[in-house]
Amino acid sequence: MQDEYRTVARAGVHETEINRSRFLCALAPAATEQEAQDFVASVRRQHTDATHNCFAYVIGADAAVQRASDDGEPGGTAGVPMLQMLLRRDMRYVVAVVTRYYGGVKLGAGGLIRAYGGSVGEALDALGTLTRRRFRLATVTVDHQRAGKVQNDLRATGREVRDVRYGEAVTIEIGLPDADVTAFRAWLADATAGTAGFELGGEAYGDA
């Protein structure tokens, strides 16, 4: 698994005009290929009168799924430059749709490549990106007496408390970088006089 990846901070649209053609780049995070396809379909429904609705998306922290479409533009002049821009920026779990309204001036192959790739780059700059880092899920189990202090200490040391459940004991779910696991075990044993339970879970990604 990748240790980290970047994705778009939020969904949004950025518009540019090049030689009287309007280029609207719609960007959105997408957790699955189906989500990406649904987003493409929704943009196409909004812009049924557009000349082209070209798209590119990258799914998976390792960029396992990559798709692009020129939607009627000359082959390789729209979807591929959009995809290349996403990959060059290390973007993952993201979908881009560039809607073009033709303005009467032909751009030529080079112009189209710059326009479609550039639209995605400008939209990423405008909407912002965020980095997500791989971590291990872990569960800490403590008695009610110590639970409040442990939670405060976890937050004070910058640990991500993901969930807290109250039962006979208090179960606190946290996220830990792999490299911190050994040191955290020692800290927890010290902080709770060895009374806390600690169990490692699977892997996930969270905001860096």
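The following legends describe close-up views of a predicted model.

**Figure 1. The annotated domain span, residues 20-124.** An unreviewed UniProt entry assigns the feature "domain: Impact N-terminal" to residues 20-124.

**Figure 2. Helix 2 and its surroundings.** Helix 2 comprises residues 79-88, and its buried residues are Gly79, Pro81, Met82, Leu83, Met85 and Leu86. These buried residues are covered by elements including strand 4 (52-59), strand 5 (65-69), strand 6 (94-101) and helix 3 (108-127). Asp90, which follows helix 2, has a positive phi, near 60 degrees.

Figure 3. Helix 4 is formed by residues 144-156. Its 13 residues should span 18 Å at 1.5 Å a residue, and the 19 Å between its end C-alpha atoms agrees with this. Buried in helix 4 are Ala147, Val150, Gln151 and Leu154. These residues lie on the same side of helix 4, because they cover an arc of only 105 degrees around the axis. In an α-helix, residues three or four places apart point the same way, because there are 3.6 residues a turn. The exposed residues Gln145, Lys149, Asn152 and Ala156 are carried on the face of helix 4 turned away from its buried side.

Figure 4. Strand 7 (129-142), strand 8 (160-166), strand 9 (170-176) and helix 5 (181-191) pack against the buried residues of helix 4. Just after helix 4, Gly158 adopts a positive phi of about 80 degrees.

Figure 5. Five aromatic pairs are present in the structure. In the pair formed by Tyr5 and Tyr93, the ring centres are 5.1 Å apart and the planes meet at 50 degrees, so the pair is tilted. Tyr5 belongs to strand 1 (residues 4-8), whereas Tyr93 lies in the loop between helix 2 and strand 6; the pair therefore ties together parts that are 88 residues apart in sequence. Tyr5 counts as buried at 8% relative accessibility, while Tyr93 is partly exposed, with a relative accessible area of 22%. The rings of Phe55 and Tyr57 are stacked, because their planes are at 10 degrees, with centres 5.8 Å apart. Phe55 counts as buried at 14% relative accessibility, and Tyr57 counts as buried at 2%.

**Figure 6. An aromatic cluster.** One aromatic cluster is formed by Phe184, Trp187 and Phe198.

Technical notes. Residues numbered from 1 in each chain as written. Predicted model: local features only at pLDDT ≥ 70, side-chain atom pairs only at ≥ 80, totals over all residues. Heavy atoms only, no water. UniProt positions renumbered as here; feature names shortened; annotations may be inferred. Helix = DSSP H or I, 4+ residues; strand = E, 2+ residues; numbered from the N terminus. Expected span 1.5 Å × (residues − 1). Buried < 20%, exposed > 50% of the residue type's maximum accessible area, 1.4 Å probe, protein only. Arc of directions from axis to C-beta. Contact = heavy atoms within 4.5 Å. Phe/Tyr/Trp six-rings, centres within 6.5 Å; stacked < 30°, edge-to-face > 60°.
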